[in-house]
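Dear colleague,

Here is the structure for you to look over. My notes follow below it.

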Amino acid sequence: MAISESLLEFEESLSLVSPSKQLLLEHLDHVAEVNRFTDGVPFHEDFTEDSIDAIFENHSYWLDDLTCCDVCGNPLSEMTSSCCAKFIQTHRRGWGSDTEKSYWLAFLSNPYKTMIMLPNYTLMIFLQKGIPFQLRPLIWQKLFSLNQENHTHIPDSSASLYRNFQHSYNIDIARQINKDLTRTFPRVNFLTRDDTIKSLQTILNVYANYDLELGYCQGLLFLVGTLYSQLRDEELTFHSLCKVMDAEPELRSIFMPMSMSSTLEKWYSEFIAILGEIDFELSAHLTSFCDCKVFLYQWWLSFSLIHAPDFSINTKVIDFCLIEGWKIGSFKISIGLLLRNKPILMSFNDGDEEVVYQHLLNGSKWGTVVNGLPSFFGDLLLSWDSKLFANFEQYSKTISPTKSKSKERKSHRRNLSVLERLKCFSISTSQELSSLSTSSQESLSTKHSADSSYDRLNITTNSASSVFSGSSKNDAESVYSELSSCSSEQKSSLDLIKSFTHKRANSDAAAVVPDGKVVDDLVMENQMLRFYLKKAFGELSDGSLKNEIKEAMDWE
């Protein structure tokens with residue numbers, strides 16, 4: 001379908017006021033190149049105004065438990081009030097304007113050509129106006145298969161791979177997948193249905209067979225679950241997952257045991273440098289007393305989909321990453337969340353880091369965003385200079401603005417590794433967002449004073465709920481909270497992450513692992529002994545004895 005003159009005129013006017021389209025165009029060209037060689041017989045589907053109107057009309061609104069009413073926030077399937085009925089009535093009409101209609105018809109006919117010719121309008125309608133939820137499955141399918149030849153079918157090779165790898169699953173990986181399936185999206189009805197779980201099991205096990213270097217980790221389930229919730233097709237979801245990893249090898253490497261540590265460290269140094277360029281005050285403040293890896297690594301390893309209080313956030317995250325790229329999307333969303341939470345974060349100081357982690361590892365971090373998603377994804381995340389994200393190599397030798405200062409600063413008395421800190425948190429399971437008022441901020445600051453900091457260290461493993469799923473540990477034990485099986489504190493935080501996110505099982509080694517409860521008890525006892533030893537150490541006045549103990553315990 002030809003692009004209308006009115007759309008071209010609107011695009012020209014938008015070019016005068018729109019944010020930079022550089023990242024969009026670069027990502028489009030990269031994806032088109034990745035999808036350049038597509039086998040199989042090309043399939044072109046003709047989309048007409050009537051066929052799209054039928055999609056709007058026939059959507060199962062009253063069974064839709066993923067789309068939420070924009071007034072009450074409840075899933076449409078619950079229909080709790082008249083506002084839900086009004087929401088359905090409004091969206092059932094379809095197009096918001098003739099301009100929108102012209103764009104989506106042109107996009108569905110030839111997505112690459114449409115986005116290249118209308119980049120400014122594409123940014124506006126995808127990220128500010130938003131993709132019509134009734135069309136999202138179709139639009140995602142087009143974006144994952146984007147190429148210049150306009151072949152948007154699943155290649156024969158991908159379909160064959162999916163069929164041929166459905167056998168001889170790794171027993172331990174399959175067991176871990178089964179364990180994660182019911183705890184990653186415990187409150188999304190569709191993703192807890194038996195038929196859905198079976199499909200997700202197959203997709204993840206097949207991918208683990210296909211990509212032996214990566215295998216499986218729980219972070220993949222956040223992406224696969226969100227993709228399948230829209231695409232509703234196993235082969236298409238598997239193909240889409242492969243395309244995500246093919247398009248950005250560096251993204252894939254953060255999930256691979258051999259490269260996870262170095263890649264995450266690289267991402268972290270780049271991220272802190274960019275954050276410092278955008279908001280030096282916030283960057284310097286956070287890095288002066290917090291280990292930002294605690295929350296950043298978890299955000300990135302879950303594609304920023306963890307603890308979203310509303311599933312519409314998950315779809316918006318995927319929308320954004322499909323437009324600008326997965327690494328850039330992860331960085332921008334992380335920076336946006338920190339900026340939106342800046343008033344809260346700036347109120348905390350040394351000794352309050354656990355409060356910061358608790359807040360940023362919970363759904364409450366979306367509190368100021370959830371009611372203004374178009375503003376967040378369509379305005380804030382597009383407001384920064386695209387040059388900051390266009391070439392990450394410029395940050396390869398950049399040092400964090402406060403890195404040298406942090407090294408000179410006296411070590412905090414709670415000298416815990418990243419994963420040890422995560423173990424100490426009791427993540428709220430509530431879906432309600434708590435907007436922290438000034439009074440509540442003061443109360444939190446008082447509650448988490450330096451005198452009470454040692455008490456927070458003694459939270460037991462049984463009280464810690466899943467960092468990934470937000471469920472109680474009885475129902476949903478997080479991959480990250482399985483710290484109880486760690487070997488020694490001499491491991492680096494990233495070595496620990498590799499040990500616990502990846503379930504690339506070695507059956508011979510597994511046979512000699514002691515009972516989980518025994519390991520839990522030993523780890524807890526070890527932590528308590530170290531805690532009391534450090535407390536007694538602080539009372540010593542003999543300098544030589546203190547130096548001797550420091551050397552023996554490898555304390556800084």
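**Second largest cavity and a helix pair**

Helix 2 gives the most to the lining of the second largest cavity: 4 residues. Helices here are DSSP runs (H or I, at least four residues), numbered from the N terminus. A cavity is a set of points on a 1 Å grid, over the protein atoms alone, where a 1.4 Å probe fits but cannot get out; lining residues have an atom within 4 Å of a point.

This is a predicted model: local features need pLDDT of at least 70, side-chain atom pairs count only at pLDDT 80 or more, and totals for chains, interfaces and linings use all residues. Residues are numbered from 1 along each chain as its sequence is written, and side-chain values use heavy atoms, without hydrogens or water.

The second largest cavity holds about 120 Å³, as the space filled by probe spheres set on points joined across faces, edges and corners. Its lining has 13 residues, with His27, Val31, Leu143, Phe144 and Leu322 closest to the centre. Helix 2 (22–34), helix 8 and helix 13 (234–247) each give two or more. The lining divides into 10 nonpolar, 2 polar and 1 charged. Ala, Val, Leu, Ile, Met, Phe, Trp, Tyr, Cys and Pro count as nonpolar; Asp, Glu, Lys and Arg as charged; the others, Gly among them, as polar.

Now the helix pair. The axes (lines fitted to C-alpha atoms over the stretch in contact, angles 0 to 180 degrees between N-to-C directions) of helix 8 (residues 136–144) and helix 18 (residues 311–324) come within 11 Å and cross at roughly 30°. Helix 8 is therefore roughly parallel to helix 18 (under 35 degrees). Arg136, Trp140, Leu143 and Phe144 in helix 8 meet Thr315, Ile318, Asp319 and Leu322 in helix 18 (heavy atoms within 4.5 Å).

Best wishes

Definitions and conventions:
Parallel < 35°, antiparallel > 145°, perpendicular 65-115°, else oblique. 1 Å grid on protein atoms, 1.4 Å probe; cavity = no way out; pocket = protein on both sides within 12 Å on 5 of 7 lines; lining within 4 Å.
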